[in-house]
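Here is a short briefing for a reader new to this structure. Look at the fold first, then follow the points by topic.

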Amino acid sequence: MKRTIFLLSIMLLHASIMSGQENIKSGIIQFTSYESNSKSVIKWSSGQAYNGVRDIKIAFSENMSCRQDMSLKTRTIFCPEENTIKIVFDELQRVLLFDYLCEPLMNTYSNSRWEYTINKTDDTKEILGFNCRRWDISFVGQSNNNLSIEAWVYEDAAVPDIYWTSALYGLKLPGIFLKYTVNQNSYAPFVGDLSSYMAAEAKSVDFENNEADIFSIPADYETYDFRSEGILGFGKAHKHYKANSKALKKAKKFPTNNIDESVRFDVDEDWDF
């Protein structure tokens, strides 16, 4: 009897905690990010990395999510019900199809090659009218490679699990990211310094209306299907990323780069764009 009462009390406590969360089934969050990368990162990024400002949209519904790079005209759409990841190059009118190989970052990095710590702090801040808490995450890998993340999370939001696939590196924390920094220090033999720094802040949040067009792909887009090749298929995306960057530069649509690539930039705690 006591055990039954105890279990019931735990269930009621859990329900009470969850009832305080806003159940959000879909939404779009638009970010502006500032990025600073080493020369080696830019060289080996297939035209995706640059120093400067990047605009990003994160969209999610109950069964799909999308990360749209508005600066480089690309979309990555996660479709678990189709067991497919779609990388869309709107400038090239091209779509690549891959096997759905997704899991939260915490699971991916939870092995002997990495050690990580997650710290929920007491620091809070209001961002776009949402009360957010700061979470600190750090990873240490082989050869002193390390990654540190400071994330400001709106914890009163209960979102579909699919949200995490297109959010911050798949990092699963309770709520929605509205501001974050990522500082990576890494070195690879024969490649060089692979360090990078990124700071991103939400500029708008919409939990009412979802842009269905962000998930749609025009029927006349050229399709490349790599779904039978597993993780090896993703390696074939590099030439398409390069072609996309080349097309944007030719059309004078590539993001302007006014920052010296030899300089790394950090920003203070209260940075803003």
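An open sheet of 12 strands runs in the order β8-β9-β10-β12-β15-β2-β3-β4-β5-β6-β7-β16, and its pairing is mixed. Strands pair if DSSP finds at least two bridges between them. Helices (H or I, at least four residues) and strands (E, at least two) are DSSP runs, numbered from the N terminus. The model is predicted: local features need pLDDT of at least 70, side-chain atom pairs count only at pLDDT 80 or more, and totals for chains, interfaces and linings use all residues. Residues are numbered from 1 along each chain as its sequence is written, and side-chain values use heavy atoms, with hydrogens and water left out.

- Strand β7 (residues 94-99) pairs with β16 in the parallel sense, over 4 bridges.
- Tyr224 in β16 is the bridge partner of Leu96.
- Helix α5 (residues 238-250) packs on the sheet and touches β5 (74-79), β6 (84-89), β7 and β16. Contact here means heavy atoms within 4.5 Å.
- The direction of α5 makes about 25 degrees with that of β6. Axes are lines fitted to C-alpha atoms, for helices over the stretch in contact, and angles run from 0 to 180 degrees between N-to-C directions.

**Around β4**

- Strand β4 (residues 65-69) has 4 of its 5 residues buried, so it is largely enclosed by the rest of the structure. Buried means under 20% relative accessible area, exposed over 50%, and partly exposed in between (1.4 Å probe, protein chains only).
- β3 and β4 run antiparallel, joined by 5 bridges. They form a hairpin with 4 residues between them.
- Ile58 stands opposite Arg67 in β4.
- β4 and β5 also run antiparallel, with 5 bridges joining them. Ser65 has Phe78 in β5 as its bridge partner.
- In the hairpin of β4 and β5, 4 residues lie between the strands, and Lys73 takes a positive phi near 60 degrees.

**From β9 to β12**

- β9 pairs with strand β10 (residues 146-154) in the antiparallel sense over 8 bridges. Leu147 in β10 is the bridge partner of Phe139.
- β10 pairs with strand β12 (residues 176-185) in the antiparallel sense over 9 bridges. Tyr154 stands opposite Ile176 in β12.

**Positive phi in loops**

- Most residues other than glycine have a negative phi.
- Ser46 is not a glycine, yet its phi is positive, about 60 degrees. Ser46 is found in the loop between α2 (39-43) and β3 (52-60). At 7% relative accessibility, Ser46 counts as buried.
- Leu128 has a positive phi near 55 degrees. Leu128 lies in the loop between β8 and β9 (130-140). At 44% relative accessibility, Leu128 counts as partly exposed.

**Cavity**

- The count comes to 1 cavity of 30 Å³ or more. On a 1 Å grid over the protein atoms alone, a cavity is a set of points where a 1.4 Å probe fits but cannot get out; lining residues have an atom within 4 Å of a point.
- The largest cavity has a volume of about 40 Å³, a volume being the space filled by probe spheres set on the points, which are joined across faces, edges and corners.
- Its lining includes Phe31, Ile58, Arg67 and Tyr163.

Methods: 1 Å grid on protein atoms, 1.4 Å probe; cavity = no way out; pocket = protein on both sides within 12 Å on 5 of 7 lines; lining within 4 Å.
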